[in-house]
Amino acid sequence: MTDHTNPVIDATRHPELLVWLAERQSAFPHWADQAGGADRFDFTPGSLGTLDDLIRETFDSPEDIDSQRRRDDFVQGAVWYVGEMMCRKHGMVWQYTPEPLDDGTYPPLFDPTDTPALDTPCVAFPDAGPYEGFYPLNILRRMLIDEDETGMPVEERLVDVLDPAYLTDEDDDEQ
């Protein structure tokens with residue numbers, strides 16, 4: 001069990017992150033089979049379209065992904081797959097830098113009792129600072145938003161994360 005009172009300095013070596021990554025990589029063949037077949041999830045841009053369709057068929061809103069559903073095998077696999085695609089395409093690395101809670105402790109990865117924005121792994125460029133990454137869980141959630149805070153239509157697709165322009169968009173610091 002991880003000590004939730006002291007953060008780990010190297011966000012790429014956080015013990016919970018390393019366990020989660022090993023579990024997700026090991027579970028990937030089964031996840032892919034359950035999600036429609038391993039041949040559909042081959043780390044090509046087209047596979048993100050397949051995952052995009054599955055997310056939209058499975059969830060109606062970002063809130064559907066929140067709470068306990070974000071711990072479901074399907075969501076966990078989707079988070080890993082999107083992040084892994086970004087790592088492979090953009091040379092990013094996985095990180096986990098938990099944000100301290102009000103009582104000074106740190107939440108566990110995918111905290112089952114709460115849903116703070118930063119209790120999930122992110123992918124970031126190797127030289128990025130804390131909280132400067134892209135959170136695959138939030139990317140999945142954002143796909144299900146129909147309009148932005150000003151009422152303008154939003155149409156995000158998972159394949160967008162492979163476009164270098166996605167990484168420089170001003171709104172990305174909220175991901």
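1. Terms first. Buried means under 20% relative accessible area, exposed means over 50%, and partly exposed lies in between, with a 1.4 Å probe and protein chains only. Contact means heavy atoms within 4.5 Å. Helices (H or I, at least four residues) and strands (E, at least two) are DSSP runs numbered from the N terminus.

2. Basis of the values. This is a predicted model, in which local features need pLDDT of at least 70 and side-chain atom pairs count only at pLDDT 80 or more, while totals for chains, interfaces and linings use all residues. Residues are numbered from 1 along each chain as its sequence is written, and side-chain values use heavy atoms, with hydrogens and water left out.

3. Overall layout. The chain has five helices and two strands, in the order α-α-α-α-β-β-α along the sequence. Of its 175 residues, 45% count as buried. Among contacts between residues at least 6 apart in sequence, 64% join residues at least 24 apart.

4. Helix H5. Seven of the eight residues of H5 are buried, and the helix is mostly covered. The buried residues are Pro136, Leu137, Asn138, Ile139, Leu140, Arg142 and Met143. They pack against H2, helix H3 (62-65), H4, strand E1 (93-95) and strand E2 (122-124).

5. H4 against H5. The two helices pack at an angle of about 105 degrees, with their axes 8 Å apart; axes are lines fitted to C-alpha atoms, for helices over the stretch in contact, and angles run from 0 to 180 degrees between N-to-C directions. H4 is therefore roughly perpendicular to H5. The classes are: under 35 degrees roughly parallel, over 145 roughly antiparallel, 65 to 115 roughly perpendicular, and the rest oblique. On the H4 side the contact uses Val75, Ala78, Val79, Val82, Gly83 and Met86, and on the H5 side Pro136, Leu137, Ile139 and Leu140. By class, this contact has nine nonpolar, one polar and no charged residues. Here Ala, Val, Leu, Ile, Met, Phe, Trp, Tyr, Cys and Pro count as nonpolar, Asp, Glu, Lys and Arg as charged, and the others, Gly among them, as polar.

6. Gly83 and Pro136. Gly83 is found in helix H4 and counts as buried at 0% relative accessibility. Leaving aside neighbours within four places in sequence, Gly83 is in contact with Trp94, Val123 and Pro136. Gly83 and Ala124 are 41 residues apart in sequence, with a C-alpha to C-alpha separation of 9.4 Å. Pro136, in helix H5, is also buried at 0% relative accessibility. Not counting residues up to four places away in sequence, Pro136 touches Val79, Val82, Gly83, Trp94, Pro121, Cys122 and Val123.

7. H2 against H4. The axes of helix H2 (residues 45-58) and helix H4 (residues 73-90) come within 11 Å and cross at roughly 150 degrees. The pair is therefore roughly antiparallel. H2 contributes Pro45, Ser47, Leu48, Leu51, Leu54, Ile55 and Thr58 to the contact, and H4 contributes Phe74, Ala78, Tyr81, Val82 and Met85. By class, the contact of H2 with H4 has 10 nonpolar, two polar and no charged residues.

8. Apart from neighbours within four places in sequence, Leu51 is in contact with Trp31, Phe41, Phe74, Ala78, Tyr81, Val82 and Leu158.

9. Phe43. Most residues other than glycine have a negative phi. Phe43, although not a glycine, has a positive phi of about 65 degrees. Phe43 lies in the loop between H1 and H2 and is partly exposed, with a relative accessible area of 21%.

10. Asp111. Asp111 is found in the loop between E1 and E2 and is buried, with a relative accessible area of 6%. Leaving aside neighbours within four places in sequence, Asp111 is in contact with Arg70, Arg71 and Asp119. The C-alpha atoms of Asp111 and Arg70, 41 residues apart along the chain, are separated by 9.9 Å.
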